[in-house]
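I opened my notebook for this chain and looked things up one by one. Here are the entries.

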Amino acid sequence: MLNTSDLLRGLTDTLILACLFDHDSYGYEINKKVTASSGGSFNFKEATLYTSFRRLEEGGYISSYWGGEETGARRRYYTITETGKSFFLENKEDWKTIKLLVDGLLEQNKQLSAE
């Protein structure tokens, strides 16, 4: 069985930055987007999500502001910085490289098993 929480742990920051790349958002909306995009396979725990926000903000990758109360409760919105966009694009390239390496290792293992 796939342990998605282990996989997700190392990708949390990158997935958050991906959600913020085109528009500002808040925690619940980001979590909803990740869950929907993954067909329900990935879901952030609240503590994980807000720890990541804090880490990303301290690193200068995102900034935050309080939204208005027009739509109900006052929400803290997050926006990606230029540094965050560069960091996201680097992580995305790293992921492509890692994916190729893992795919190669799994394919090699499959060939060895068939022999």
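Predicted model: local features only at pLDDT ≥ 70, side-chain atom pairs only at ≥ 80, totals over all residues.

**Entry 1: the layout**

Which pattern does the protein chain follow, read along the sequence? I read α-α-β-α-α-β-β-α. That gives five helices and three strands. Both are DSSP runs, numbered from the N terminus: helices are H or I with at least four residues, and strands are E with at least two.

Residues are numbered from 1 along each chain as its sequence is written, and side-chain values use heavy atoms, with hydrogens and water left out.

**Entry 2: the whole chain**

I looked up burial. Of the 115 residues, 25% count as buried. Buried means under 20% relative accessible area, exposed means over 50%, and partly exposed is in between (1.4 Å probe, protein chains only).

I looked up the surface next. The protein chain exposes about 8,000 Å². Carbon and sulfur atoms supply 54% of that area. Accessible areas come from the Shrake-Rupley method with a 1.4 Å probe, and for residues only the protein chains shown count as cover.

Then I checked contacts (heavy atoms within 4.5 Å). I took those with a separation of 6 or more; residues 24 or more positions apart account for 49% of them.

**Entry 3: helix H2**

H2 covers residues 12-20. Seven of its nine residues are buried, so H2 is largely enclosed by the rest of the structure. I listed the buried ones: Thr12, Asp13, Thr14, Ile16, Leu17, Cys19 and Leu20.

**Entry 4: helix H3**

Which residues of H3 are buried? I found Gly27, Ile30, Asn31 and Val34. They cover an arc of only 95 degrees around the axis, which puts them on the same side of H3. The arc is that of the directions from the helix axis to the C-beta atoms. Tyr28, Ala36 and Ser37 are exposed on the other side. The cover over the buried residues of H3 includes H2, S1, H4 and S3. After H3 comes Gly39, with a positive phi near 65 degrees.

**Entry 5: helix H4**

I checked the span of H4, residues 46-58. Its 13 residues, at 1.5 Å a residue, should span 18 Å, and the end C-alpha atoms are 18 Å apart, which agrees. The expected span is 1.5 Å times one less than the number of residues.

The buried residues of H4 are Leu49, Ser52, Phe53 and Leu56. Seen down the axis, they fall within an arc of 105 degrees, so they line one face of H4. Ala47 and Glu58 are exposed on the face turned away. What covers the buried side includes H2, H3, strand S2 (62-66) and strand S3 (76-80). Just after H4, Gly60 takes a positive phi of about 80 degrees.

**Entry 6: Ile62**

Ile62 lies in strand S2. Is Ile62 buried or exposed? Ile62 is buried, with a relative accessible area of 3%. Its contacts beyond four places in sequence include Leu17, Leu20, Phe53 and Ile80. I also looked at Ile16, 46 residues away along the chain: the two C-alpha atoms are separated by 9.8 Å.

**Entry 7: aromatic rings**

How many aromatic pairs does a search of the whole structure find? I got six. Rings of Phe, Tyr and Trp (its six-membered ring) pair if their centres lie within 6.5 Å; planes under 30 degrees apart count as stacked, over 60 as edge-to-face and the rest as tilted.

The rings of Phe21 and Phe88 have centres 5.3 Å apart and planes at 50 degrees, so this pair is tilted. Phe21 is in the loop between H2 and strand S1 (25-26), Phe88 is in helix H5 (residues 82-114), and 67 residues separate them. Phe21 is partly exposed at 25% relative accessible area, while Phe88 counts as buried at 11%.

Tyr50 and Phe53 form an edge-to-face pair, 5.2 Å centre to centre with 70 degrees between the planes. Both lie in H4, three residues apart, about one turn of the helix. Tyr50 is partly exposed at 32%, whereas Phe53 is buried at 1%.

Tyr26, Tyr65 and Tyr77 form one aromatic cluster.

**Entry 8: charges over rings**

The charged end of Arg75 sits over the ring of Tyr26, 4.2 Å from its centre. The charged end of Lys85 sits over the ring of Phe21, 5.4 Å from its centre. To count, NZ of Lys or CZ of Arg must be within 6 Å of the ring centre and within 35 degrees of the ring normal.
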